[in-house]
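Hi everyone, thanks for making time. Let's have a look at one structure together, and please have it open while I talk.

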Amino acid sequence: MDYLYQPYTANRVATVASKGMVATSQPLASQAGLEMLKQGGNAIDAAIATAATLTVVEPTSNGIGGDAFALVWTKNKLHGLNGSGHAPGALSIEELKKRGYNEIPKFGFVPVTVPGVPGAWAELSKRFGKLPFKDVLAPAIQYAEQGFPISPVLGKFWRTAAEKFKETLQGEEFQHWFDTFAPNGRAPEIGEQWSSQGHANTLRKIAETNAEDFYHGELAAKIDEFSKKHDGFIRKEDLQNYQPEWVEPVSVNYRGYDVWEIPPNGQGIVALSALNLLKGFKMEDKETVDTYHKQIEAMKLAFADGQKFVADPRHMELDYTDLLDEGYANERRKLITEQALTPEPGQPPKGGTVYLAAADNEGNMVSFIQSNYMGFGSGLVVPGTGVALQNRGHNFSLDENHANALAGNKRSYHTIIPGFITKGNNPVGPFGVMGGFMQPQGHVQVAMNTIDFHLNPQAALDAPRWQWMKDKTVWVEPNFPGHIAEALARRGHHIEVQLEKGAFGRGQIIWRDLKNGTLFGGTESRTDGTISAY
């Protein structure tokens, strides 16, 4: 039986509940979060439990060795947590050039940065959680130890990654990935049980020490030893120096709603920049060529600025809020004409990821995202731990004059972004669309589907998506309206229909009704997405 074969159009409606809700890409993970709510925990506990379980049940997209970001609504205020790690102190452009690199590779130790995920979990639990940290990680430990059956979309991506790694990963340092994730010489198949005792042991140490062991103890020593053995850069001192950072979320007001993102080094500012341009246009109908054309053109201009200016804010040449300046938006908006443009950055005035959403009946709501980047990350697994190290450093530039130039102890331009919407002083709710550089594009499309076109959360996610790639090239999904694709082509867009829907992101939404507090959720039809609620 082919569990990926679906000859019929599948329809879902929004999930409705009142006491609590967790939406994410894996049923077992969302149920872990719901379990915390039923044990008396809050949405923050549920989000951590879900995130930890996702490192086990969806390792193709995230892991303990990755980064995380969160937006948390609690006690009538929105809080932001930047859980991204920095480059090792010894890593530099000069050192890479000495080793013969002209660009930062995707795999191996060079792109490995300090993992922020364990620290982010512990920090969220310490500040806002209700349940003991060790109890919150218990479901993840159980799945890692006892195993779980592989779901359809997970199995597809796991197999693709294993086949790719067999061809590309050469060297002794990569053998631990195959020992962990392809123990029988292949990826586990759909429906087959998989477990990882090393992963369970690591989660247990993180749970028992509030993540201290990962940054200061035995786990830190194992990462250090593995890196030294293979001439890598990351050291235990880099782990010891890491601390998640609480930040003030940044927003734009879009037609009476405030859309919130984490500020740079994340690319959420790109989504806000695009919305800032689009609010200057009247959008009356979703399914028109003019609507899609303006969305794409605004996205191009926002990305052009983001890719030039966004970096670790300590190294940016301008204040990131300058990118949202109204006067600047007015000038950039004039560049949007009836024909497709090739975007160039302006000059502002100077002044493979998992996403989850959680809400409880106390009013708390969480928008959380974590990733190893490019699926399994660097292709490196710390021996005996189940920890797949991320390759986030691949996003650095080797151009010394670029804002995002590689430097030791610096955070790179980051693709993963959680989103949140409020109206006045009230929360509407968390939303996100995972998937590399698709993420701000997904945020814009979901936000507009909700605010401009009044689609319920499930319909807002199910709507056909587009993705700007570069220059005038735009990818569209197979079910994207053909007549609109043809009309866009006549306006100069290079339209390419893609059969693989995974390239268009995978999202989740939870909205809270502003009148009665009822929760409405939407989950992603492009993956194994599900909502657990009560």
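Leaving aside its neighbours within four places in sequence, which residues is Leu-137 in contact with? They are Ile-48, Ala-52, Trp-121, Leu-203, Ile-206 and Ala-207, where contact means heavy atoms within 4.5 Å.

Quick housekeeping. This is a predicted model, so local features need pLDDT of at least 70 and side-chain atom pairs count only at pLDDT 80 or more, while totals for chains, interfaces and linings use all residues. Residues are numbered from 1 along each chain as its sequence is written, and side-chain values use heavy atoms, with hydrogens and water left out.

Okay, the core. The largest nonpolar core has 79 residues, and Leu-137 is one of those touching the most other members, along with Trp-121, Trp-177, Ile-206, Phe-214 and Phe-368. A nonpolar core here is a set of buried Ala, Val, Leu, Ile, Met, Phe, Trp, Tyr and Cys residues joined through side-chain atoms within 4.5 Å. Buried is under 20% relative accessible area, exposed is over 50%, and partly exposed is in between (1.4 Å probe, protein chains only). Helix 2, residues 43–57, gives this core its largest share, 11 residues. Helices are DSSP runs (H or I, at least four residues), numbered from the N terminus. There's also a second, separate core of 57 residues, including Phe-303, Met-316, Leu-324 and Val-444.

Now, how do helix 2 and helix 4 (residues 117–128) sit together? Their axes come within 9 Å and cross at roughly 165 degrees. The axes are lines fitted to C-alpha atoms over the stretch in contact, with angles from 0 to 180 degrees between N-to-C directions. That makes helix 2 roughly antiparallel to helix 4, because angles over 145 degrees count that way. On the helix 2 side, the contact uses Ile-44, Ile-48, Ala-51, Ala-52 and Thr-55; helix 4 brings Trp-121, Leu-124, Ser-125 and Phe-128.

Next stop, helix 6, residues 138–146. Pro-139, Ala-140, Ile-141 and Ala-144 are buried there, and what covers them includes helix 1 (27–38), helix 2, helix 5 (133–136) and helix 9 (197–209). Just after helix 6, Gly-147 takes a positive phi of about 90 degrees.

Last one: Ile-296, in helix 14, residues 289–309. Is Ile-296 buried or exposed? Buried, with a relative accessible area of 0%. Not counting residues up to four places away in sequence, Ile-296 touches Trp-466, Val-474, Leu-488 and His-493.

Conventions: Helix = DSSP H or I, 4+ residues; strand = E, 2+ residues; numbered from the N terminus. Parallel < 35°, antiparallel > 145°, perpendicular 65-115°, else oblique.
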